[in-house]
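Open the model in your viewer and keep the sequence panel beside it.

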Amino acid sequence: MPNLAVAMIPGHPGAQSVEELRANVFSVTAQQVIDNLLKQPDEQELPPEPGARDIVFSGSFEEVNAYFYEREWSDGLPIVPPTLEKIEEFLSFTDRDRDETLGIVLPESRAVTIWAVAVNGVMAGCRPEYMPILVALAEAMADPIYGVEHSGNTPGAETLIVLNGPIIKQLGFNYRQGVLRDGFLPNTSVGRFWRLALRNLAGFLPHKTDKGSFGNTFRVVLAENEDALEKAGWPPNSVDMGFEAGDNTVTITRMTGGGVLASVTGSKPEQMMPYIADGLAKQTGWEIVFTVGGLTFGTLRPALVLTPILAQTMARAGWSKDDVKRYLFEHARMPAWRVEAFTETWADFPIVSLKHQVNLGRLPKVFAESDDPNRLVPIVLEPDDFMVLVSGDPLRTNAYVFAHNGYLGFPTAKKIVLPKNWEQRIAARAKP
């Protein structure tokens, strides 16, 4: 609605006293409301967009990049010009119809087509054989459970992509030392595809529809170390998300931030887990509102990434992944007064007290076992709300923890559907 009338409130309402807010509303906002109601907005038309197969520009590599940047089609880094020839290469790695629509995504209500996925995959520097992964990511983006429409909200959270299945090794994804670092073509280019897709498919543009107060760049793909998981006897994330072991899957989830827990000490889980639980609890702050507040009860899904040596040490002691989650539930906690401060005093997420929420049946009794403000309460509603992943340097005792953005990017997984004759196609691509 390019001609939608808007009335402004000067400044931020949350940073004004009642007197200041009342003065601003009366002196500025009220008059704008009246003026907008008494006049017909000027007619405006959205500029025409090129068709899917239109040649929009011809020129040198530098000229193409300048053209795309000026039209906000690129992220500021050089893109691979999406020629028809390159797009066709990507389309050859899917059996889906090129004009198939995977869904309609906000904020611009655009149709996510197979063709558009291929175009953005080319631009991101992906290889054509990554196309099945890109299609699965686009399907996850269009799933209402994920809530892509919140990708431009003010916390500036960024999506974490978790990859599982044999496709990790088939396409050379890094799942060992340096995970989450750029420098590996599959992990990096697929991560960049996601950010370009948010821009060109969903329509998130900085200073316009993307209102992140502080930005995060795209995250490279986190591929799980399934060899280490098998050795530990733990299921991969794909199984946790409802698929079979051995399925190729992608999981997307929006994280507000993360931090490393270096040099976790101990040869037993009981020695390791206090440090890990403490780090996970401290990484969660205002995000606790997704557990205890509003209409979002129980949507917080923090993530813990263990290096293989940590996971295997715990497994040798007889601990399952569920045991790790249960320990986190019981020990990754914060004082009740701190929870209520985040939701009532420090941040703009007003709720009634934890005890009142328990009395209404909205929270379990563990949140109000006493009136002691220093009592420790969980940061999630149940142990399975924690995501536990295994990846990274197999010789280091480090962990990584992510704070989650709740229902504004809820974990969503899709199976990667491979085209016919996948093995032969991959073998053909591997030949010099």
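Start at proline 107, which is placed in the loop between strand 1 and strand 2. This is a predicted model. Show the backbone from leucine 106 to proline 107: the peptide bond joining them is cis, with omega at about 15°. Most peptide bonds are trans.

**The hairpin**

Now select residues 101-105 and 110-113. These are strand 1 and strand 2, paired in the antiparallel sense over four bridges. Look across the pair from isoleucine 104: alanine 111 in strand 2 stands opposite. The two strands make a hairpin, with four residues between them. Stop at serine 109 in that turn, where phi is positive, about 50°.

**The largest pocket**

Rolling a probe the size of a water molecule over the atoms shows where empty space is left. The largest pocket holds about 1,500 Å³ of space. Which residues lie nearest its centre? Select Glu49, Pro50, Trp73, Arg110 and Asn200. They belong to a lining of 40 residues.

Colour the lining by class next. It has 23 nonpolar, eight polar and nine charged residues. Then colour by element. Helix 2 (61-70), helix 3 (84-91), strand 2, helix 4 (114-123) and helix 7 (185-202) each supply at least two lining residues. Which helix gives the largest share? Helix 4 does, with five residues.

**Aromatic rings**

The structure holds 13 aromatic pairs. Phenylalanine 68 and tryptophan 73 form an edge-to-face pair, 5.1 Å centre to centre with 85° between the planes. Is phenylalanine 68 buried or exposed? At 6% relative accessibility, phenylalanine 68 counts as buried. Tryptophan 73, at 25%, counts as partly exposed.

Go on to tryptophan 337 and tryptophan 346. They too form an edge-to-face pair, at 6.0 Å centre to centre and 85° between the planes. Tryptophan 337 has 40% relative accessibility, so it counts as partly exposed.

**Charges over rings**

Select tyrosine 175 and arginine 176. The charged end of arginine 176 sits over the tyrosine 175 ring, 4.7 Å from its centre. Then pick phenylalanine 329 and arginine 333. Here arginine 333 lies over the face of phenylalanine 329, 5.5 Å from the ring centre.

**A contact across the chain**

Centre on isoleucine 309, in helix 12 (residues 308-316). Its relative accessible area is 29%, so isoleucine 309 is partly exposed.

**Positive phi in two loops**

Most residues other than glycine have a negative phi. Check histidine 207 in the loop between helix 7 and strand 4 (222-223). Its phi is positive, about 70°, although it is not a glycine. Is histidine 207 buried or exposed? Histidine 207 is exposed, with a relative accessible area of 75%.

End at serine 263, in the loop between strand 5 (249-261) and helix 10 (269-283). Phi of serine 263 is near 55°, again a positive value in a residue other than glycine. At 42% relative accessibility, serine 263 counts as partly exposed.

How values were computed:
Residues numbered from 1 in each chain as written. Predicted model: local features only at pLDDT ≥ 70, side-chain atom pairs only at ≥ 80, totals over all residues. Heavy atoms only, no water. Pairing = 2+ DSSP bridges. Phe/Tyr/Trp six-rings, centres within 6.5 Å; stacked < 30°, edge-to-face > 60°. Buried < 20%, exposed > 50% of the residue type's maximum accessible area, 1.4 Å probe, protein only. Lys NZ or Arg CZ within 6 Å of the ring centre and 35° of its normal. 1 Å grid on protein atoms, 1.4 Å probe; cavity = no way out; pocket = protein on both sides within 12 Å on 5 of 7 lines; lining within 4 Å. Points joined across faces, edges and corners; volume = space filled by probe spheres on them. Nonpolar A, V, L, I, M, F, W, Y, C, P; charged D, E, K, R; others polar.
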